[in-house]
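This report looks at a predicted model and takes up its spaces, its helix packing and its backbone in turn. Please keep the structure in view while reading.

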Amino acid sequence: MKTLTLIVAFVIISPPVTALLGFSLLGIPRSWRNTRQVSHTILAKAAKLRLFGKHPAGFFLRLNRRIWEDIPGDMRNSYLIRAYGAWLQSLVRLVEMRRQYFGTFFLRNRPALELMRRLADKKAKGSTLRIAVLACSAGAEVYSILWTIRLARPDLKVIVCAVDISKEILNFAEKGIYTPDTCELVGCSIFERLTAQEMEQMFDWEGDQARVKPWLREGITWQLGDASSPELIHVLGPQDIVVASNFLCHMAPLVAENCLRNIAGLVDRGGCLFVSGVDLEVRAKVAHELGWQPIPELLEQIHDGDPDLRGGWPLCWWGLEPLNPRRRDWQLRYAAAFQSIQAIE
């Protein structure tokens with residue numbers, strides 16, 4: 001009954017609110033289907049509109065958040081609800097300011113790490129594996145990748161270049177010392193996704209303080225740099241695996257698009273690119289233009305591998321929409337791992 005009441009309220013209130021915003025639910029502008037094409041006119045209109053000193057979208061989104069939380073899970077998977085969810089996220093991306101977050105977890109996306117392990121397993125015994133981790137933040141992703149690969153292939157010489165635009169955060173990551181409240185994300189510990197055994201394998205403990213074990217800290221270069229800089233390829237050189245996750249979504253779509261093209265230049269012939277935490281329209285467009293080959297292995301598991309990204313949809317700009325295999329382009333749209341086109345020529 002509560003859900004039904006909220007849905008009825010939504011049906012009654014949505015049309016006038018969306019009209020005030022200057023948009024129609026029945027005629028969604030083409031630009032809303034792809035956030036990179038949203039015009040400056042629409043952005044200005046949405047940003048400047050006020051009623052009694054407040055933006056009407058704020059009330060509209062608060063109402064929808066309450067409704068969304070009460071809609072049963074099976075009902076959310078219906079075509080109409082998912083379509084409306086996509087429209088809602090377009091609105092969120094128009095009116096909310098994107099900003100960077102430093103919160104993260106160790107072993108954040110296990111299926112993605114498993115795919116990296118499988119790729120590393122194809123390397124010849126004793127060979128070198130070059131990995132670049134862009135926007136490495138506090139280092140949890142870097143150490144998670146090294147832990148995964150070195151446990152499976154101790155014979156490989158794994159060389160990691162960890163890049164971030166912040167010297168302060170690089171210094172922190174290089175020290176490799178963490179406590180449960182480090183980089184706190186949605187009130188959870190940075191160790192939230194580790195088992196007791198994994199915590200013992202990865203860290204030396206002194207009370208609540210954890211220091212990354214020496215064998216995981218070897219072979220890492222901590223590099224100050226901007227992922228959007230054309231000089232990056234000259235500084236780092238070609239890489240076997242490039243990881244560019246969970247930072248492009250915080251950029252405006254056009255900025256993220258140009259940055260992703262620049263990042264693509266780091267991937268060596270036959271190399272792979274991992275890129276999640278990005279507007280799907282941006283990633284699919286660049287992947288199509290550059291001829292990236294989606295890696296189908298573990299595609300669906302990786303897409304759903306980070307519950308925070310999936311749980312943020314549709315009312316957070318960084319939220320990740322549910323995978324829809326009925327789309328013709330579903331592999332290109334939802335793949336988070338790609339192989340360079342040179343690899344299949």
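Helix 13 (280-290) and helix 14 (299-303) each contribute at least two residues to the lining of the largest cavity. That lining is made up of 13 residues, and those lying nearest the centre of the cavity are Ser276, Gly277, Arg283, His303 and Leu320. Sorted by class, the lining of the largest cavity has seven nonpolar, four polar and two charged residues.

The volume of the largest cavity is about 80 Å³, and the structure holds one cavity of 30 Å³ or more.

## The open pocket

The largest pocket has about 940 Å³ of space, and its lining consists of 44 residues, with Arg108, Ala135, Ser245, Asn246 and Phe247 lying nearest its centre. In this lining, 26 residues are nonpolar, 12 are polar and six are charged.

The largest share belongs to helix 7, which supplies four residues.

## Helix 6 against helix 7

Two packed helices are described by the angle between their axes and the distance between the axes. For helix 6 (residues 110-120) and helix 7 (residues 140-152), the axes come within 9 Å and the crossing angle is roughly 40°. Because angles under 35 degrees count as roughly parallel and those from 65 to 115 as roughly perpendicular, this value makes helix 6 oblique to helix 7. The crossing of these two helices, helix 6 and helix 7, is right-handed.

On the side of helix 6, the residues that meet helix 7 are Leu113, Met116, Arg117 and Ala120, while helix 7 brings Ser144, Ile145, Thr148, Ile149 and Ala152 to the contact. Taken by class, the contact of helix 6 with helix 7 has six nonpolar residues, two polar ones and one that is charged.

## Helix 12 against helix 13

Helix 13, which also supplies residues to the lining of the largest cavity, packs with helix 12 (residues 253-264), and the axes of helix 12 and helix 13 come within 10 Å and cross at roughly 40°. That angle makes helix 12 oblique to helix 13, and the crossing in which helix 12 passes helix 13 is right-handed.

In this contact, helix 12 takes part through Pro253, Ala256, Glu257, Leu260, Arg261 and Ala264, and helix 13 through Val282, Arg283, Lys285, Val286, Glu289 and Leu290. The residues of the contact of helix 12 with helix 13 comprise seven nonpolar and five charged ones, with no polar residue.

## Two backbone details

Most residues other than glycine have a negative phi, and most peptide bonds are trans. Against this background, which residue has a positive phi although it is not a glycine? Leu107 does, with a phi of about 50°, and Leu107 is located in the loop between helix 5 (79-95) and helix 6.

The other detail concerns a peptide bond, for Trp313 and Pro314 are joined by a cis peptide bond whose omega is about 5°. Pro314 lies in the loop between helix 15 and helix 16 (330-334).

Technical notes
Residues are numbered from 1 along each chain as its sequence is written. This is a predicted model: local features need pLDDT of at least 70, side-chain atom pairs count only at pLDDT 80 or more; totals for chains, interfaces and linings use all residues. Side-chain values use heavy atoms; hydrogens and water are left out. Axes are lines fitted to C-alpha atoms, for helices over the stretch in contact, and angles run from 0 to 180 degrees between N-to-C directions. Angles under 35 degrees count as roughly parallel, over 145 as roughly antiparallel, 65 to 115 as roughly perpendicular and the rest as oblique. A crossing is left-handed if the near helix is turned anticlockwise from the far one by less than a right angle, and right-handed if clockwise. Contact means heavy atoms within 4.5 Å. Ala, Val, Leu, Ile, Met, Phe, Trp, Tyr, Cys and Pro count as nonpolar, Asp, Glu, Lys and Arg as charged, and the others, Gly among them, as polar. On a 1 Å grid over the protein atoms alone, a cavity is a set of points where a 1.4 Å probe fits but cannot get out, and a pocket is an open set with protein on both sides within 12 Å along at least five of seven lines; lining residues have an atom within 4 Å of a point. Grid points are joined across faces, edges and corners, and a volume is the space filled by probe spheres set on the points.
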